[in-house]
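The following note comments on the packing and side-chain contacts of the model shown here.

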Amino acid sequence: MIKQELDFWELSPKMLSDCCLQKYIQSEADIRTTQMLKKTFEEYVLDYTEEECRTSQVKRILRKIWLTLEEPSSSRLAKAFIYVFLVLVLVSTAAFVLGLHPLFREQTLTYDRLLYLTTNGSIRFFKELNLKNPKEVMLGTSLPNETLRHCEKFTSIFFTFELIFHFVSCPRRIKFFRSPLNVIDLLLVVAMWLTSALEQDRGFLVRHYEALRFYLVIRSLIILRLFRVFRLMKLFSSLRIMMMSIRASIRDLLLLSLTFLVTSLFFASFIYYAEFRVADTFADIFVGIWWSVITMTTVGYGDMVPKSMFGYVVGGACAFSGMLILAMPVAILSTNFSDLYHKNKLLQMKKLLLNQKDKTVYKVYSGVHPIQYNENHSVIKHVTGDEVMQ
């Protein structure tokens, strides 16, 4: 509004006084934020055009499938689907995690047999197996139990069909894989079926060490399935606002990250020379960088500590600087999040008010009988003479 008034009177914002200029800048920022929120929450990024839906029954069906899978707020079915999707994500993640615990694995090879294969066998997998490492021993002697394997297969089938329907129903298939979540879904589906195929012949994996290493790398990618939880951003506005606040603060966060990096290098160099005469600490500056990062983030593992008086001084200054530097991004993120959150609440309240059914009725006399109108000026009914008397 202020910009329109200035444009109408052909006035430049430079002519405004400081107090009015501040209000003008704040008003423009509020308008941009509101437009961004409307575009994010009220418009579908990818959707079929009205012309496509009007001329093709297939397009209408595909649009319903697309909105059900992509936009949880589009219908009750879409909202129910996203909850089912979330439950299966948690089930698949739990099956993956539990499958790496000894209590949920079935032994396929005894330890004595494994010991014989590692000492007398010619297979590279067993010869390079470290018997002192319980994780390697568990990998070589057991498998996840049958229930977990069935859960893995069921969720793999579900996510495969979900990705296929998601891609087929997409209005613009070229843009489908521009979304990072869709790319992750594709990687996960490929990884799940590759690992499932390789697990059908475990003897092949044991005999071919390179295939086993490939299997372990692909298997580790499956933990990316946790990123599917971010689909809930389209259901819960607070999650989406959190991501928007991070994007709005990205420049400030990059600047603070650079400051953090320079400061960590600074204290790493200082601690190296402060502890130069101590033989068993800080062998090089790279160790000092590790120590400064852990100290500035207030983690403090204690694996590397200064032992001289000058080292204590540098360590105290490093910890104090870390608290000051890390406090700043919290303030920036909280400010942007609060601003976006409150503006989104106002938009939601406005939407609820507009969607409420108008119960106020106005009577306008037209000829003999009055006519009832609501606030949208649409006719409810013609009122008879008997109703007027009542």
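1. F177, V183, L186, L187, V190, L194 and F214 make a nonpolar surface patch of about 550 Å². Patch members have over 30% relative accessible area and no salt bridge, like charges being joined within 9 Å and nonpolar side chains (Val, Leu, Ile, Met, Phe, Trp, Tyr) within 5 Å. Areas follow the Shrake-Rupley method with a 1.4 Å probe, and for residues only the protein chains shown count as cover. Helix α10 gives the most to the patch, with five residues. F177 is placed in the loop between α9 and α10 and is partly exposed at 33% relative accessibility. Here buried means under 20% relative accessible area, exposed over 50%, and partly exposed in between (1.4 Å probe, protein chains only). Helices (H or I, at least four residues) and strands (E, at least two) are DSSP runs numbered from the N terminus.

2. On provenance, this is a predicted model, in which local features need pLDDT of at least 70 and side-chain atom pairs count only at pLDDT 80 or more, while totals for chains, interfaces and linings use all residues. Residues are numbered from 1 along each chain as its sequence is written, and side-chain values use heavy atoms, with hydrogens and water left out.

3. The largest nonpolar core has 21 residues, of which F85, F158 and F159 touch the most other members. Such a core is a set of buried Ala, Val, Leu, Ile, Met, Phe, Trp, Tyr and Cys residues joined through side-chain atoms within 4.5 Å. Two or more residues each come from α4 (57-70), α5 (76-98), α9 (146-168) and α10 (180-199); the largest share, seven residues, is that of α5. Leaving aside residues up to four places away in sequence, F85 touches F158, F159, E162, R228 and R231, where contact means heavy atoms within 4.5 Å. Apart from this core lies another, of 13 residues, including L109, L114, L117 and A211.

4. Five salt bridges are present, each a side-chain nitrogen of Lys or Arg within 4 Å of a carboxyl oxygen of Asp or Glu. One of them pairs E106 with R149, the closest N and O atoms being 3.8 Å apart. E106 is partly exposed at 36%, as is R149 at 30%.

5. E199 and R219 also form a salt bridge, with closest N and O atoms 3.8 Å apart. The pair connects helix α10 to helix α12 (residues 209-221), 20 residues apart. E199 is partly exposed at 23% relative accessibility, whereas R219 is buried at 17%.

6. D280 and K307 meet in a salt bridge of 2.8 Å, N to O. D280 lies in the loop between α14 (250-274) and α15 (285-296), and K307 in the loop between α15 and α16 (309-355), so parts 27 residues apart in sequence are tied together. D280 is exposed at 54%; K307 is partly exposed at 45%.

7. The whole structure holds 15 aromatic pairs. Rings of Phe, Tyr and Trp (its six-membered ring) pair if their centres lie within 6.5 Å; planes under 30 degrees apart count as stacked, over 60 as edge-to-face and the rest as tilted. F266 and F270 form a tilted pair, 4.7 Å centre to centre with 55 degrees between the planes. Ring pairs also link F81, F85, F158 and F159 into a cluster.
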